[in-house]
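Q: Could we go through this structure together, please?

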Amino acid sequence: MELKIATSELSKALGRSQGIVEKKSTMPILSHVLLEAKKDALVVSATDLDLAVSSEHKESCEVLKEGALAVSARHLYDIVRALPEQQVTLKKGHNNYLEVRSGPSEFRIVGLPAEDFPALPRFEKVPFGDIDPKLLLDMIERTFFAVSTDETRYNLNGVFFEPSADALRLVATDGHRLSLVERAAGGTFGLKRGVILPKKGLQELRKLLAEAAEAGGEAGETKLGFVENSAIVRRPGVTLSMRLIEGLFPDYRQVIPKAADRSVKLGRDRFQETLRRISLLSTDKAHAVKLEIAKGTLKVTSQNPDLGEAKEEVPVDYAGDVLKIGFNARYILDVLAVLQSKDVSFELADDLSPGVLRGADEADQGFTAVVMPMRI
C-alpha cells in the first residue's frame with residue numbers, strides 16, 4: 001500500500017473516527033482505523049461493533065499501490081494534525097508498519113493486519129429517503145439533552161424516531177423531563193413503527209449532519225434508511241451505520257399534560273439569566289429552585305444550608321392565582337438553551353403536576369418540553 005493525499009483531507013477522515021473508536025477495549029483492534037488504498041481513492045473506516053463510519057477520499061489522493069492496513073486512530077490523527085506540509089505520503093512497510101512522510105518529517109507507526117479488522121456491515125437494497133440535514137440536526141439538538149444517562153434504563157438511552165407520511169417526530173426522556181419536536185417532513189423511511197436511535201450514534205450523526213449542512217448543494221445531500229436493526233445515513237463519500245436500541249419506548253403521549261390552568265408568559269433571556277444566578281446557591285446535585293408565581297411577577301428563590309440563599313423577581317404576563325412550585329433549574333435551562341423565541345410560555349396546573357415549556361415564536365412551533373416538579 002502506498003499513496004499520497006492532502007494532509008487536511010486525511011485529517012478530516014481521521015477526525016470522523018475519533019468518537020467511534022474504543023479507547024479502552026479488550027479488543028485492541030477497535031482502537032484502530034482501517035486504511036484501504038483502492039484504485040483511485042483512500043477509504044478510511046472505524047467501528048466499535050455497534051457503530052461504523054466509512055469515508056471515501058478521491059480528491060487530492062493519488063494511489064501508487066493498492067493495499068490495506070489497520071493503525072491506531074488516535075496516534076495517526078495526532079501525527080497528521082501536526083504535519084508541516086500540505087501533502088502526506090502513506091506507505092505500508094515490513095511487519096505491518098505504516099510509514100508516514102510529509103516534508104522533512106518521517107514516522108513509523110506499528111499497525112495490525114487489515115484481516116484482523118472486524119467486517120464492516122454491508123447493507124444491500126436499503127429503502128433510503130432524502131432528509132434535510134439542517135432540519136434533522138435541529139430536531140436532534142432539541143431532544144438530545146433529555147436522553148437518559150442511566151444505563152439500566154437502556155430503552156431511554158436514545159432518541160425515539162417516529163416518522164409518518166406527512167411529519168417526523170423525535171422524542172427523548174430520562175423520566176424527569178421530556179422533549180418532543182415535530183416537523184413537516186414526509187416519508188416513512190421504510191419503517192412501520194418508531195425506532196430508538198442510540199446516544200453515541202446520534203453524537204456522530206450530529207457531526208455528519210453539520211458537515212452536510214455546511215457543504216450545501218449536492219455535497220450536502222443526505223439520505224437516511226433503516227434495514228434489519230440498523231439505521232444508515234449516507235451522504236456523498238461518507239456512510240454511517242448504527243445499531244438501533246432494542247426495546248419499547250414509553251408512551252410519551254401520556255406524559256404531556258392536555259391542558260393547564262395557568263399559563264405564564266415571560267422573556268426567555270431574562271428567565272435564563274435569573275435561573276443561572278439563583279441556582280448558584282442551590283444544592284449541587286438537585287439544582288433546586290422555587291418558583292412563586294403571582295399576578296405580574298415570578299419570584300425565583302434557592303436555599304442551601306451550607307451556603308445561604310438567593311432570590312430574584314422577574315416581570316411576567318400572568319393574572320391567575322398564586323402558585324409555589326419547585327424545579328431542577330438545570331432542566332429548565334437545558335430547554336431554554338434550545339428555544340429560539342424571544343418569549344416563552346410556561347404552562348402549570350398545580351405544585352405536583354409537570355410544567356410545559358414552549359416557545360412563543362414560529363421558529364419553535366412543534367416543540368414541547370415537559371419538566372417534572374420537585375418537592376422543596
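Predicted model: local features only at pLDDT ≥ 70, side-chain atom pairs only at ≥ 80, totals over all residues.

Q: How are the rings of phenylalanine 160 and tyrosine 252 placed, stacked or tilted?

A: Their planes stand at 55° and their centres lie 6.2 Å apart, so the pair is tilted. The pair links distant parts of the chain. Phenylalanine 160 belongs to strand 11 (residues 158–163), whereas tyrosine 252 is in the loop between strand 17 and strand 18 (262–267), and the two are 92 residues apart.

Q: Is phenylalanine 160 buried or exposed?

A: Phenylalanine 160 has a relative accessible area of 11%. Buried means under 20%, so phenylalanine 160 is buried. Tyrosine 252 also counts as buried, at 3% relative accessibility.

Q: Which residues form one aromatic cluster?

A: Phe160, Phe249 and Tyr252 form that cluster.

Q: And which residue lies over the face of phenylalanine 144?

A: That is arginine 206, at 4.3 Å from the ring centre. Arginine 142 lies over the face of phenylalanine 367, at 5.4 Å from the ring centre.

Q: Changing topic: what volume does the largest pocket have?

A: The volume of the largest pocket is about 440 Å³. It is lined by 21 residues, and those closest to its centre are Ser54, Pro121, Arg122, Arg234 and Thr239.

Q: Which strand gives the largest share of that lining?

A: Strand 4 does, with five residues. Several strands each supply at least two residues of this lining, among them strand 4 (51–57), strand 16 (230–235) and strand 17 (238–243).

Q: How many of the lining residues are charged?

A: Seven are charged, while eight are nonpolar and six are polar.

Q: What about the second largest pocket, how much space lies there?

A: The second largest pocket holds about 370 Å³ of space. Its lining has 14 residues, with Glu9, Glu56, Glu59, Pro236 and Gly237 nearest the centre. Eight of the lining residues are charged, three are nonpolar and three are polar. Helix 1 gives the largest share, three residues.

Q: One last topic: in which sense do strand 1 and strand 7 pair?

A: Strand 1 (residues 2–6) and strand 7 (residues 87–92) pair in the antiparallel sense, over five bridges. In this pairing, glutamate 2 stands opposite lysine 91. Strand 7 also runs antiparallel to strand 8 (residues 97–102), to which four bridges join it.

Q: Which residue in the hairpin of strand 7 and strand 8 takes a positive phi?

A: Asparagine 95 does, with a phi near 55°. The hairpin has four residues between its strands.

Key: Residues numbered from 1 in each chain as written. Heavy atoms only, no water. 1 Å grid on protein atoms, 1.4 Å probe; cavity = no way out; pocket = protein on both sides within 12 Å on 5 of 7 lines; lining within 4 Å. Points joined across faces, edges and corners; volume = space filled by probe spheres on them. Nonpolar A, V, L, I, M, F, W, Y, C, P; charged D, E, K, R; others polar. Pairing = 2+ DSSP bridges. Phe/Tyr/Trp six-rings, centres within 6.5 Å; stacked < 30°, edge-to-face > 60°. Buried < 20%, exposed > 50% of the residue type's maximum accessible area, 1.4 Å probe, protein only. Lys NZ or Arg CZ within 6 Å of the ring centre and 35° of its normal.
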